[in-house]
Amino acid sequence: MITLLDYGAGNVRSVVNAIEKLGGRIRPVTRAADILDAQKLLFPGVGNYQSMIRILNEKNYIRPLREYLEADQPFFGICLGMQALFEGSEEDFSGHESLGLFKGRVRHFNTRKAVPHIGWNGVNLKKDSPVFDTVDPETKFYFVHSYHIVPEDPDVILTTTCYDYDFASSVQKGNVIGTQFHPEKSGDAGIRLLENFIHQTDLRPRKAVDIKGRGLSKRIIACLDVRTNDQGDLVVTKGDQYDVREKGDVRNLGKPVALARRYYDEGADEITFLNITGFRDFPLKDLPMIKVLEETSRNVFVPLTIGGGIRDYTDSNQVSYSALDVAAQYFRSGADKISIGSDAVFIAMDYLKTGKKTGTSAIEQISRVYGVQAVVISIDPRRVYVASPDAAKGHHVIKTQFPGPDNEEYCWYQCTVQGGRKTMDLCAVTLARACQELGAGEILLNCIDKDGTNSGFDIELIQAVKNAVSIPVIASSGAGCEDHFTEVFQKTDVEAALAAGIFHRKEVSIARVKRCLAGEKIEVRA
Ligand code: 1PR
């Protein structure tokens, strides 16, 4: 029996699904006494350290947790669940009591690389621990965090990972284990780690070792644009420059859950669902998408992002829901990140007009509760050609290598909302920067001109946005062959590339893309 400490933030569904898949049974902690009764305690934490520690204090969990840990009983802390073992965090200004089992604090990444550190990275193993039994040393695990632990005692370090510099990526003392990475999101290797935890009786490390792992991978993301067709079926569709109809009908490329499973099996590093008509529906009434997440997360153990319709909403009975309510439902259903499209444009325009953060926008609220890494901004820009920089009226201008129809040498990228139906007086570069300031953790950069064309990513757009922000950027739209992925990673510093059409139509497999990248010495997850 595994006792699960769920303090109510983020996606614990995947952990539960993984344990149940392994034949383990879960008992949730509902009162402090359940902690002391546990045989094995699993503490998955996502989001914000301060709100986690506040909740642990409010529920009077600190004292029983300390007692449990000091008795060297089996414990597995994931992400914040590991950070909580230390004496405090730079993310916490409240002065609340932490567990303090290990000496040391949690610090923000001090790097010029993109933060959050998101993606599949290797580990250097320092101890021969039963939890790593049967795990290939070249294995990569999924990380998503802006803060990392700095233990005072090097003896507690189980693994280190390199992100610009080496940091402690997991710890172990006796039967108490904590990982910064998410085993429940790390495919088969992560599942094996959890399996070792639930099935081994003695988890204590046997001896010191020094086994080197690999570096951070560029991520390959499969994207599923989902909507209801005219017959009322929820289908994966795909547009050409956002037009998803062919001879009047919505293109039907398959079922969302089955297709996501296929991409997981084929080695996708992440899967993104975009509910493309979410701008006119209300997600909390749109139960099929919630069901899609619930069913997908049962068998798919890589990160899931969901977008479409995430905004404040008042229903016909005048009941109001916040974007935070919508996001919370998605996280509970198995999503790891939410993606905001149209609403991000409105939020950014308000912010740029006043120069003030209200603290109430969807971006600010969701990142405050769930952490910046949980908030992706999906940008849908369209290229606008101009004869001179002045004609762009203050928008970020690019001197393009691909002149316009009237030989214009300059262009800017205009934001759109409602799936490209409405253009706005804002450019993609300014939107990305404003959203980062408001607390977004990643940019999903589409391009309407390129979408579905198979002509390659828009390198000029991608370079401009990547240079403007310090959060990770996912290049999207236009992939037509494996060389396009090589091109985008060689010509820009993006952390990930996303494609839809070529994967749906089986023109190129994810494995082939990765083989091609590996051949060009670009680090990928095998
Ligand atoms: O505005 O918050 O409700 O979110 C709606 C979301 O739906 C946005 O993220 C928006 O990008 C997306 N969306 C809306 N309409 C469409 C459409 O296609 N008609 N899809 C749409 C966006 C772009 C990518 C696509 C890549 C790669 N699709 O998702 O997967 O362009 O395609 P390719 O590899 O085939 O070229 P909100």
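Here is a walk through this structure, starting at the ligand and moving out to the loops and strands.

Keep in mind that this is a predicted model, in which local features need pLDDT of at least 70, side-chain atom pairs count only at pLDDT 80 or more, and totals for chains, interfaces and linings use all residues. Residues are numbered from 1 along each chain as its sequence is written, and side-chain values use heavy atoms, with hydrogens and water left out.

Let's begin with the ligand. It has 24 residues around it, and the closest are K238, S342, S378, D380 and D451. A residue belongs to this group if one of its heavy atoms lies within 4 Å of the molecule. Sort that shell by type and you get 8 nonpolar, 12 polar and 4 charged residues. For this sorting, Ala, Val, Leu, Ile, Met, Phe, Trp, Tyr, Cys and Pro count as nonpolar, Asp, Glu, Lys and Arg as charged, and the others, Gly among them, as polar. Two strands, β14 (219-228) and β30 (496-499), each supply at least two residues of the shell. Strands here are DSSP runs of E with at least two residues, helices are runs of H or I with at least four, and both are numbered from the N terminus.

Now look at the polar contacts, meaning pairs of N or O atoms within 3.5 Å. A polar side-chain atom of S342 sits 2.6 Å from a ligand oxygen, and S477 also places a polar side-chain atom 2.6 Å from an oxygen of the ligand. G341 takes part through its backbone, with a polar atom 2.9 Å from a ligand oxygen. On its own the ligand has 770 Å² of accessible area, and the protein covers 98% of that. These areas come from the Shrake-Rupley method with a 1.4 Å probe.

The space that the ligand takes is the largest pocket. A pocket, on a 1 Å grid over the protein atoms alone, is an open set of points with protein on both sides within 12 Å along at least five of seven lines. A molecule sits in one if more than half of its atoms lie within 2 Å of its grid points.

From S342, step along to D343, which lies in helix α10 (residues 342-354). Is D343 buried or exposed? D343 counts as buried because its relative accessible area is 18%, and buried means under 20%, exposed over 50%, and partly exposed in between, using a 1.4 Å probe and protein chains only.

A18 takes us to helix α1 (residues 13-21), where the buried residues are S14, V15, V16, N17, A18 and I19. An α-helix has 3.6 residues a turn, so residues three or four places apart point the same way. After α1 comes G23, with a positive phi near 85°.

Most residues other than glycine have a negative phi, and most peptide bonds are trans. D72, not a glycine, has a positive phi of about 55°. You'll find D72 in the loop between α4 (62-70) and β4 (75-79), and it counts as partly exposed because its relative accessibility is 30%. Y242 also has a positive phi, near 75°. Its place is the loop between β15 (234-237) and β16 (245-246), and Y242 is partly exposed at 24%. As for the peptide bond, the one from V115 to P116 is cis, with omega near 5°. P116 is in the loop between β5 (104-108) and β6 (117-122).

K218 is in the loop between β13 (208-211) and β14 and is partly exposed at 23% relative accessibility. K218 and V250 are 32 residues apart along the chain, and their C-alpha atoms are separated by 32 Å. In strand β13 sits A208, which is exposed at 66%. Where E523 is concerned, look in the segment after α16 (510-519). E523 and F143 are 380 residues apart in sequence, yet 16 Å apart in space, C-alpha to C-alpha.

Notes. Polar contact = N/O pair within 3.5 Å; in protein donor to acceptor, adjacent residues only side chain to side chain. 1 Å grid on protein atoms, 1.4 Å probe; cavity = no way out; pocket = protein on both sides within 12 Å on 5 of 7 lines; lining within 4 Å.
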